[in-house]
Amino acid sequence: MEQTAERKKLAHVSSSPHFRTPVTTRRLMLDVVIAMIPALLWGVYHFGFYALVVTIATVAACVISEYVYERCMKLPITIDDGSAVVTGMILALNMPPQIPLFIPVLGGVFAIIVVKQLYGGLGQNFMNPALAARCFLMISFAKPMTDFTMPGAVDAVSSATPLAVMKAGESVSLTDLFIGNISGTIGEVSALALLLGAAYLLARKVISIRIPGMYILTFVVFMLVFSGHGLDPYYLACQVCGGGLIFGAFFMATDYVTGPLTPAGQMVYGVILGVLTGIFRVFGASAEGVSYAIILSNILCPLIEKYTVPTAFGKGRYVELTKKLLVENKDTKHVAKEGR
Amino acid sequence: MKLFTFKGGAHPNEGKALSENCGIRRLELPGEYVFPVSQHIGAPAKPLVAAGDRVLAGQKLAEAGGFISADVLSSVSGTVKAVEPRMQVSGFPVMSVVVENDGLYETAPGIGEKRDWQGLTKEEIRQIVRDAGIVGLGGAGFPTAVKLMPKNDEAIDYFIANGSECEPFLTSDYRMLMEEGERIVGGLEICLSLFPNAKGIIAIEDNKPEAISRMEKLVSGKERIEVASLKTKYPEGGERQLINAVTGRYINSGMLPADAGCIVDNVATLAAIYDAVAMSTPLMEKVITITGDAVAEPANVQVRLGISYKAVLEACGGLKTEAKKLICGGPMMGQALFELACPVTKPSSALCAFAHDEVAENPTTPCIRCGRCVEACPEFLVPPMMVKAATHDDLAGFEALNGMECMECGTCAYVCPARRPLTQIFKQARKMVMADRKIKAAEKKQREEHEAAAKREAEQKLAADKAAETV
């Protein structure tokens, strides 16, 4: 009896550190969701209420399929970490506004079960679930997935995406493109709304500028050289604002699980993304290509990481640097003494 | 003013407001004092006394067990009760000399006499520091006399007094800077006298502006000493990071600070050096912080080494709520205690008592590869890769990822949003690598001995054969 009383008094022991940051996985996921809200709001405003229905259905499909899978497999239920919500939102914002509901729902189930859970759940998938699902839907339902007809539109021009219009040799309004007064998927149209969200993610330090910065920079350089338009600010601005590049660069390429961990690797990853997107847009049949560039780069990620492990503190080039500093120090001292 | 810093790190809740304005209180506590023979890095000291002996304060209880080792001195006068293993902060019993304090505080002869240190030779100063049992008081416990003996005195161009105190909640160094600045500067001047080319830098994080301005006042007019303000960031006070912040130089785990022309000592260590050299007082007391949200009255107290944490905490007013977690040291690198009946030793810096255990309240979830640990690692390592290697028992892979450069500072585990026990995994892997190295070294030695014996045998046989031939 006495022993148990004594035992109760013992404090917890654990290995240091004994503190944990307030930033949790759920908090990070919530931040990503918050950052996508401006784009979603614009989508709903621009395309109508049905866009919201699509989004809710996709998110619900993701969350429910995660729950059902984990329940069936007798795994701990992890829907409260918010990752399924993020997947659902990204997928939904990648949907054309008039999509029949069963398509994004099927995509959500595919994203969570095939791309994420079958590979071991959160943190184990090697492809971005939402993008893999989008590509799956593009192949399976090519027509509805590329039907960007504006709700209530009658002419053909308003149903083509601005980049498709440009590829066809016609011009678009850059202001419309920036604000989002164009056709496209629910979430990709407004560069302004997306940049607002991106600024939030950067300010909250949820993402770093490395991947999106290098991505967009490389893409611009690639287009300068290979697009045949040369240094045409209007053309370049349209290319950056259109085709979901901003959405892809800040919200999808920065997906933690499927991107490189190492800072140098993130730069390389950004360069590869920029080049691939450029190739797809200039030489490919489609005008966009962001999704394919990202999932192809996802596959390269382990290779990139392997070759971009940073030099440890005090090793390699830091040894040389220190030696140089020591020699310099000796020299300056020597000079100072002689000067006296 | 220039702000010095390093790349990486994190900024945990500082928590210093609890105790930073509590002046140092000296506590003379009765009872049992426990002096473990191993309070430092290096060989354990060898006990010189036996049960029943009467000892004086400042008397040597155990003698350094090698070059990298330190003497253990009694901090009180009294009778040796026992020389036996006693439970330590580490959770392991260590051979200790147990002295019952007689409350007289009778000191060994010569202690407390003022000494004109300027007349001493370098060798004398080093011997005094060695005899005073001084080790790094910041937490690592490296024997200070060894630090003061680099291969080449002239090659040292920076002597850094570490007053950064980057561990959250700890304020003992801050109080030392505020109240005992003269002793710190005195200690630094003594150390500088050993190194003709060295510049003294007192490095303090910029969350302690009063300490910075106070020290600046104290060193004004002293040509060889400067105060450097550091950006408040954990682990700014780590030896390698501090050297890098102040000098731009880098050292790795295989190098000594002296290899980069630097020596780093904690400010409390410098005060102890001053006491030993200028006041003939060996290391017998230490300022520790008693803090945390479960402590009734946070305080900075000067206690005699060897007293139990339990006695110190009780003398400070005890706990106001049940403490879920008791930590010896700070929350980032401190050791969690399951009970308080452990003695205050030389590297002890604080006792933190928290009503909540953040580790238990934050269950581990899957790694989402967010890379926050990579950004934060002050050693520029890639924790998720190291975890993969370590958890697959791939020790060679772990070493190839520079796992042995990890200094277990805890930054990666602190920043992890998935609450993964990264630092714990690395501690384990590092121990396994070290054990592995030991086994391999022993095997190599055995093999060499075997080969040498075989060679000798062959030679003897050859000689015998030759002798037989000549006959």
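A residue counts as exposed when its relative accessible area is over 50%. B:L104 passes that cut-off, with a relative accessible area of 57%, so it is exposed. The structure is a predicted model, and every value below is computed from it.

**The surroundings of B:L104**

B:L104 sits in a loop of chain B, between β9 (93-101) and α1 (122-131). Which residues does B:L104 touch, leaving aside its neighbours within four places in sequence? They are B:R54 and B:S77. B:I190 lies elsewhere: 86 residues separate it from B:L104 in sequence, and the C-alpha atoms are 32 Å apart.

**The two chains**

Chain A has 16 helices and zero strands. Chain B has 14 helices and 18 strands. The table sets out further values for each chain.

| Property | Chain A | Chain B |
|---|---|---|
| C-alpha span along principal axes | about 85 × 80 × 30 Å | about 90 × 65 × 50 Å |
| Buried share of residues | 50% of 340 residues | 57% of 471 residues |
| Accessible area | about 15,600 Å² | about 19,500 Å² |
| Carbon and sulfur share of that area | 68% | 53% |
| Distance between mean positions of positive and negative charges | 12 Å | 3 Å |

In chain B they are 54 positive and 62 negative.

Sequence separation gives another view of the fold. In chain A, 74% of the contacts between residues at least 6 apart join residues at least 24 apart. For chain B, residues 24 or more positions apart account for 74% of the contacts with a separation of 6 or more.

Why can the radius of gyration of chain B be said to agree with a compact globule? A compact globule of 471 residues would have a radius near 23 Å, and chain B has 24 Å, so the two agree.

**Helix α11 of chain B**

Helix α11(B) covers residues 383-391 and is mostly covered, with seven of its nine residues buried. The buried residues are B:P383, B:P384, B:M385, B:M386, B:V387, B:A389 and B:A390. What do they pack against? One partner belongs to chain A: α15 (290-306). The others belong to chain B: α10 (372-376), α12 (395-400), α13 (411-415) and α14 (422-470). After the helix comes B:D393, with a positive phi near 55 degrees.

**Cysteines**

B:C352 is buried, with a relative accessible area of 0%.

Key: Residues are numbered from 1 along each chain as its sequence is written. Chains are lettered from A and ligands numbered from 1 in the order in which they are written. This is a predicted model: local features need pLDDT of at least 70, side-chain atom pairs count only at pLDDT 80 or more; totals for chains, interfaces and linings use all residues. Side-chain values use heavy atoms; hydrogens and water are left out. Helices (H or I, at least four residues) and strands (E, at least two) are DSSP runs, numbered from the N terminus. The radius of gyration is taken over C-alpha atoms; the globule rule is 2.2 Å times the number of residues to the power 0.38. Buried means under 20% relative accessible area, exposed over 50%, partly exposed in between (1.4 Å probe, protein chains only). Contact means heavy atoms within 4.5 Å. Accessible areas come from the Shrake-Rupley method with a 1.4 Å probe; for residues, only the protein chains shown count as cover. Lys and Arg count as positive and Asp and Glu as negative; His and the chain ends are not counted. The place of a charge is taken as NZ of Lys, CZ of Arg, CG of Asp or CD of Glu.
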